[in-house]
Amino acid sequence: MNYFEERIPKYFARYPIGLLMGMVIWLASCGSTNETVTPSGPQQLEFPNCELSRVENTISSGAVQSYQYTYENNRLVQADFYTQNEFNSRKTFIYDNQGNLAYMLGQNDTLSNVQDTIVAYEFKDGLLSKDTHYNPTNKEILTVTEYTYENGFLKTIEVINNEAGEDKPVAYQVESDERGNPIKVVLSAVNGAPPPITLETFYEYDDQFNPYYQFPDFIGISYFTQNNIVKTTQVLNGQTSVEQNNLTYHSHGFLQRRRSPTGQGEFVSAFTYQCQ
């Protein structure tokens, strides 16, 4: 996996032993009495009528990668990936009769019609409940991720990795704010037992619109966040690391540019939209 793929939010942040990130949400008690007030669901922002059409990623070394997106009937149907302005691969998105995302198919060139299933998705009550990732070469299952919710808030994620033919489940818990943005993610179990390490990840957000919210191409933590992450603090066995994003915005409130310092130089993502 190349550096750019690690920086794109297609999966939850990984910790050093390579387990995928998952989440569970804390529902707070509030009010002056002892009664528990249960939220009816995340507060929904009114997003601008814009479609993300292109994302260009660059690093100070000069490397460039980009994604170009195609829509039909307000749904993402195609994502083309380019390296140094040359076509690399294509992903096609298929929907069911209810309009829910059903499959993501992969295609390594535009000259053949051969497409391999990369991911299959399942939804319950309009919310993503499961995704299954396949090895496109031999069709073996690589990872199964199951999501549960409470009152519309994401509650738990269990990621089951297939390692040498053996399932390795990993569970996380999350606390979220009133908009459903995860603010604290905690590793809770590995293989059904207490984890061999302690890992907590804390997120801080802006008050602007996240272009990756419920975006089919990258089902990661940003899929569940209405706002953009500005700061990530990870505490692994008591050792703290911090990542800060420098964000600028278009006049409609969506991201225009995101800058992040890295060991390989500054990583910059530029976002282009089609708005009505």
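Biologist: What is the relative accessible area of lysine 168?

Modeller: The relative accessible area of lysine 168 is 22%, so this residue counts as partly exposed, a label for values between buried (under 20%) and exposed (over 50%), with a 1.4 Å probe and protein chains only. Bear in mind that this is a predicted model, where local features need pLDDT of at least 70, side-chain atom pairs need 80 or more, and totals for chains, interfaces and linings use all residues. Residues count from 1 along each chain as its sequence is written, and side-chain values use heavy atoms, without hydrogens or water.

Lysine 168 has a partner: a salt bridge links this lysine to glutamate 166, and their closest N and O atoms are 3.5 Å apart. (The rule is a Lys or Arg side-chain nitrogen within 4 Å of an Asp or Glu carboxyl oxygen.) Glutamate 166 is partly exposed as well, at 44% relative accessible area.

Now for the wider set. The structure has eight salt bridges by that rule. Another one of them pairs glutamate 266 with arginine 259, where the closest N and O atoms sit 3.1 Å apart. Both ends are partly exposed here too: glutamate 266 has a relative accessible area of 34%, while arginine 259 comes in at 31%.

Then have a look at lysine 91, which forms a salt bridge with aspartate 217, with 2.6 Å between the closest N and O atoms. Lysine 91 belongs to strand E4 (residues 86-95) and aspartate 217 to the loop between strand E12 (199-205) and strand E13 (229-236), so this pair ties together parts that are 126 residues apart in sequence. (A strand is a DSSP run of E, at least two residues, numbered from the N terminus.) Lysine 91 and aspartate 217 are both buried.

Searching the whole structure turns up one disulfide, meaning a pair of cysteine sulfur atoms within 2.5 Å. The disulfide connects cysteine 50 with cysteine 275, S to S 2.0 Å. Cysteine 50 is in strand E1 (residues 50-59) and cysteine 275 is in strand E17 (residues 265-275), so parts 225 residues apart in sequence are tied together. The disulfide is right-handed, because the torsion about the S-S bond is about 110 degrees. As for its two ends, cysteine 50 is buried, at 17% relative accessible area, whereas cysteine 275 is partly exposed, at 38%.

Terms used. Helices (H or I, at least four residues) and strands (E, at least two) are DSSP runs, numbered from the N terminus.
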